[in-house]
Amino acid sequence: MKNSVLIIFLTVFTCCEGKKQTDDSSVTPSQAITRSSKMVALSDSVKTEEIFQTPTIRYSHLEKGYTFNLPFNYRIEYIPNQNSQNSYYKFQWKVTDDLIIDSNSGDFKHFSVSNFIPYLYSSSYGEGDFFIVKNKSKNLLMISDFLKSFDEVLYKDDNSAIISDYGKLKAFYFEYLPKNSEYLVYLSDIPFQNKRPEAKTDEMINQLLHQIRMAKNISKPIKNQDKSWNSYEKQLSVLEKDFFRKLNLEVKKEFTSDQNLKSFSPSDQGNNPYYTVFSNNKEIETVWTNLYAVHNNGTVSITDTDKNFDYLRDLNFRFFYTADYQQILKTDHSTVFQRKSQDAFCLISKTKNKKFIIMKEFPDLVQTPPDHYKNEIEFYRELFENYK
């Protein structure tokens, strides 16, 4: 959930005779898209199957009576149909005479998917949309019925594809839901142009294949899962891995250039820190010992006279400044605190190599479910404990 009024920008797909028209004249084809459909299919077939078959750590999300089993880093949110002064959305796509995906239709359902790993370094972490619409035909559709609407197909199988839509690469997936005679349709719309440096075609295709894997598994049951760092890492896309690799290199560079540096926080373009890495000296070890000593469901209160408070204040770490907090989780190398009466959390981990102590805040957000950060905290705990 967002803590501000949701504003959905206009996206229109109007289809006639299977070919769509759009009023979006600002989209220009990327110069990076140079490979033909045949080249992609031949050169990437093995890698594609490898991505699709990689075990994924998933969680169930129940939205408006539908269960979505999504990868750990994905969230889904139901978007109401009605438009208002502060929220406007329009989507129209005539797939066939019998299947028209229209946001003005009474049976249209819209779910927006986001990724909490900000690999584009932008304010938008959107990973596309799921649409659910009624099937009004006795005949089931094939993927060819959907793909005739697009400019070029770079990859396809029985129920998914990577397409070029007015120069933008997108992932597509569809599935028939027999229970209510509905179609579930996924279409991504990643602003790859926000990537700096510009994303390469192979990187974009890799990300889109990971999205297709997400969609292909959305209705499959969740079985026993290995939530080790090795499993998390294998599941990440090229761009997601590159995001964390660059943050790690940035931290190492700062500590190498300044031997007296106490801490460093890699930050986004808005100067908001992703997390804070502390060099494991005597002072921070004392902070860690005191915080880790708190028993499960116990509280901690740091006052102005506390030396630990002074150390954290000097390093601009504010989570423990003003109120009591309750510990909700402790493992061999990590502890998690929750701000009382609020859904704000703080994860503190000591790396297994004992070189660093890392802290990450998860801020209080309005109207979020109680477990909003659960899978995110589990992921970062594994990341930090195995930090090198």
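**Notebook: a look through the predicted model**

Tyr59 has Leu70 of S4 as its bridge partner. Then I went to the turn. The hairpin has two residues between S3 and S4, and Lys64 takes a positive phi there, near 55°.

Is S4 open to the outside or enclosed? I checked residues 66-71: five of the six are buried, so the strand is largely enclosed by the rest of the structure.

**Confidence**

I looked up pLDDT next. For the protein chain the mean is 83, and 84% of the residues reach 70 or more.

On to H6, residues 282-292. I found Ile284, Val287, Trp288 and Leu291 buried in this helix. These residues cover an arc of only 95° around the axis, so they sit on the same side of H6. At the start of the helix I spotted a contact: a side-chain oxygen of Asn281 comes to within 3.1 Å of the backbone nitrogen of Glu283.

I then followed the chain into the loop between H6 and strand S16 (299-300), where His295 is placed. Buried or exposed, I wondered about His295? Its relative accessible area is 62%, and since exposed means over 50%, His295 counts as exposed. I also jotted down a distance: His295 and Thr335 are 40 residues apart in sequence, and their C-alpha atoms are 9.9 Å apart in space.

**Helix H8**

Last entry: H8, residues 374-385. At 1.5 Å a residue, its 12 residues should span 16 Å, and the end C-alpha atoms are 17 Å apart, which agrees.

How many of the 12 residues of H8 are buried? I got 10, so this helix is largely enclosed by the rest of the structure. The buried residues include Ile377, Phe379, Leu383 and Phe384. Also buried in H8, I noticed, are Glu376, Arg381, Glu382 and Glu385, among others.

Definitions and conventions: Residues numbered from 1 in each chain as written. Predicted model: local features only at pLDDT ≥ 70, side-chain atom pairs only at ≥ 80, totals over all residues. Heavy atoms only, no water. Buried < 20%, exposed > 50% of the residue type's maximum accessible area, 1.4 Å probe, protein only. Helix = DSSP H or I, 4+ residues; strand = E, 2+ residues; numbered from the N terminus. Pairing = 2+ DSSP bridges. Arc of directions from axis to C-beta. Polar contact = N/O pair within 3.5 Å; in protein donor to acceptor, adjacent residues only side chain to side chain. pLDDT = per-residue confidence, 0-100. Expected span 1.5 Å × (residues − 1).
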